[in-house]
Amino acid sequence: MAANRQTRYSLSSVWLSVRNARWLPVLLGILLLGVVFSQLSPAFLKFRNLQNIAAQSSVTGIMAAGMTFVIMTAGIDISVGATIYLSLVLGNEIALKSTTPFVVYLIYPLSIVLGSFLGLINGLLKDSLRINPLVTTLATYIIYRGIATHITKAKDIHPPESARFLGIGSVAGVPAPILTVLVVVIVSALVLRYTRFGRYVLAIGASESAAYQSGLPVRQVLIAVYVIAGACAGLAGLVLLGRVGAVQNDMGIGIEFTVITAVVLGGTQLSGGRGSIVGSLLGAILLVMINNGLNLIHVSPYIYDIVRGSVLVGAVFIDRLSTAQRSVAGPSSRVVRAV
Amino acid sequence: MLEREPHASGGQGPPLLRTSGLTKIFGATVALNKVDLEVERGQVVAVVGENGAGKSTLKNLLCGLLEPDAGRIEMDGKPLAHFKAAEHGIAAVHQEFSLFQSLSVAENVCISDLPGRRGLVNWGETRTTAQQYLNIIGAQLNLDAPVELLSTGEQQMVEIAKALRQADRLLILDEPTASLTEPERDRLFEVIRRLRQRGLGIIFISHFIEEVYEVADYIVVLRDGHRVGGRPASEMSRRELEELMVGRVVSEGEVDTGVPTDAVILKVEHLSSPPKVADVSFEVRQGEILGLSGLMGAGRTEVVEAIYGLRPSSGKVWLAGKLVDQRTPLSMKQLGVAFVPEDRRRHGLFGVRPLRENLTAAAIDRLVQRRLPGFGFAGERDSAAKLAADFRIVHPGLEASVRFLSGGNQQKSLLARWLAIAPRVCIFDEPTRGIDIGAKQEVHELLGRLARQGAAVLVVSSELPELMQLAHRIVVLRQGRSVAEFSRPFDARAIIQYAASAVQEAPHGS
């Protein structure tokens, strides 16, 4: 009898998981926007354009996957843009200056390792100084970019073609950026859902204190999520380098906010504990779609950001409405507020 | 304004405050059940009772923070409903201070309505006003000192001055002595007498029996939300008061707690964690339930937190004969120690996460699928479903956020989370606080079952009847020290005496 009950997935539990799927609104947003843009511009639904949107979403998407881990623990990392730049600049010093093709290929693992290392510094600083992650990563953002600029003297770096694979290459006809973001998102989503580490991340985000008191390795996990964010930034840097073809001084400036916007649009709560990696990718796609669609219907580029920001406000507002409806307004919560 | 209602005698006309049939229900719990209360001008009424008796609910109703479900509140015979306490001259000094640590004394006293015009603060007037109210209570404080530099007693004076500014008719003091030193306490009583002379009605909420007699004119006893007694202080004997507070031992369904063995599982020696815990020693045997009793602020929670490594401490903790050096929740869990904290919402549950994850949070390491390294949790859903069924947790679905469960079911899911790792030692801090009678009985049975299965169980509870029903032995704490130890059959009066009064020598057994 008990076995029967355990294995049966009731209809209500399926409905519950759909209702709890926080990426649902952003998916609806993408579909809605897709319908609107395809009506306004015949070019929008062309395969070429869709592939373009996917490729353009890749850099943000990869970084958003890493950022989701951080935000899921109620943290934040605004140094990721600077991490891209510094890991590429350091990688260039070691690998790209070489004329041996083999050494040039080292940029791929190197950039990821350097990104992880910079993320590790973020995590360790936050852990040992016990300052909030916003301040910690603001400081390292400035430092990382400072070091990088100091090395390059603000000059562009033009790498050999073989370092651009992740941006312009393709595997079996699939563009490398799209392949990369898909791999990252799938692996991240699996890690979050099916590993002990992923479970710890969710638990810590839901209540750090409860996680600690339940005997979970809170400190280690809180450092690890910044390492992941750094690694993703390092990888995203490789894609960006490939697409742009040069390491430029303004590389990654402001991208941290696009990434955070994508994560929040994707339904991850800034207070931690809830959200999804897939949602973050969808958020990144939605942001690119807005630009792409507005561009196709010849709207002035100057209003893109206004639209993107407004979409964010709208998304958060809708989320708030739906959570407010679901929450049980108990008398105890009233007392807490009143006292 | 301060001189309103100078006469300090009741008798003629309606009393200052009268409540009749005041009732408040939270979910399945009747927090306050048809309570009548009267306070005259210039009268100190002590409201006493154990934790959970309904004192705080009463306070919140009188302050207008909660709406009563039935009954009425009258000031001078006029009913109050949906009111702001300050508009009727009512204010409360809550147990947790609500001062702004970085602001000055003067600012704190006047914060509710800083004197000045058009958004600009008149600092001169602020200081004068603050001084005026500090004078009323006879407190001499530096008006410009930031509050964080003051002692607890001084902060309390600021808190009272601040309350007086909003309220000049009825002052409610909630456990005002809980964190005060002896001289500070005496000062406070002096202030209370002074305010009484000015014609204020005062409600003094406490569970310290001794001090009630020092200041109160009238004593009202609450128990389980009922008013179980009320008489002038001079006519109520101490013994009577104690009996009213505790009541007869509630015996709905005895709990089978089994018989402990002689093997000591948990041994605590000279445990100290300043300032709340000083030299606590005890042992818990296999299959034994040990109760930690004591008043609020006696250090009960701090003791168990120190054992579990949540606060720094000195002294020794032995687990099954082995000294545990580095105590952290992680290492304690690995040694088979379970810990269910007092504040389950903040420190226990993962509110937004599904019930399934909450149930398997402690045992998740054992569920990790070994075939594909590190990926997947074999049978997580099944074991969560089994736990939910075993513990009779009522839930809308395993995937529903645990915060949507009732308090009793939340507590049962926390217990289930820990019992899934079959712990050798279980530490429960107020395991039945805020849950309804039915769930309470189930939790009691679970604790009994744990003991019968051979776990060493340490239970902290502020409800003495509960401990007397469950525990094999009870250790009484006072001011962070273990002052007495009792075995079955328990003598409630003796336990209360040791917890509340200053008897020095400790008995063993009874």
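Predicted model: local features only at pLDDT ≥ 70, side-chain atom pairs only at ≥ 80, totals over all residues.

Residues are numbered from 1 along each chain as its sequence is written, and chains are lettered from A and ligands numbered from 1 in the order in which they are written.

Chain B is divided into domain 1 (17-246), domain 2 (250-336 + 424-510) and domain 3 (351-422), with bounds that come from an automatic or database domain assignment. Between the centres of domain 2 and domain 3 of chain B, taken over C-alpha atoms, there are 26 Å. Their contact takes 11 residues from domain 2 and 9 residues from domain 3 of chain B, where two residues are in contact if their C-beta atoms, placed from the backbone, lie within 7 Å. On the domain 2 side, the largest share, 5 residues, comes from helix α15 (residues 437-452) of chain B; helices (H or I, at least four residues) and strands (E, at least two) are DSSP runs, numbered from the N terminus.

Now to the sheet. In chain B, 4 strands form an open antiparallel sheet in the order β14-β13-β16-β17, and two strands pair if DSSP finds at least two bridges between them. β14 (277-285) and β17 (322-323) of chain B stand at the edges with a single partner strand each, so one side of each is left without a neighbour in the sheet. Strand β13 (residues 264-273) of chain B is joined to β14(B) by 6 bridges, and B:Val264 has B:Arg285 in β14(B) as its bridge partner.
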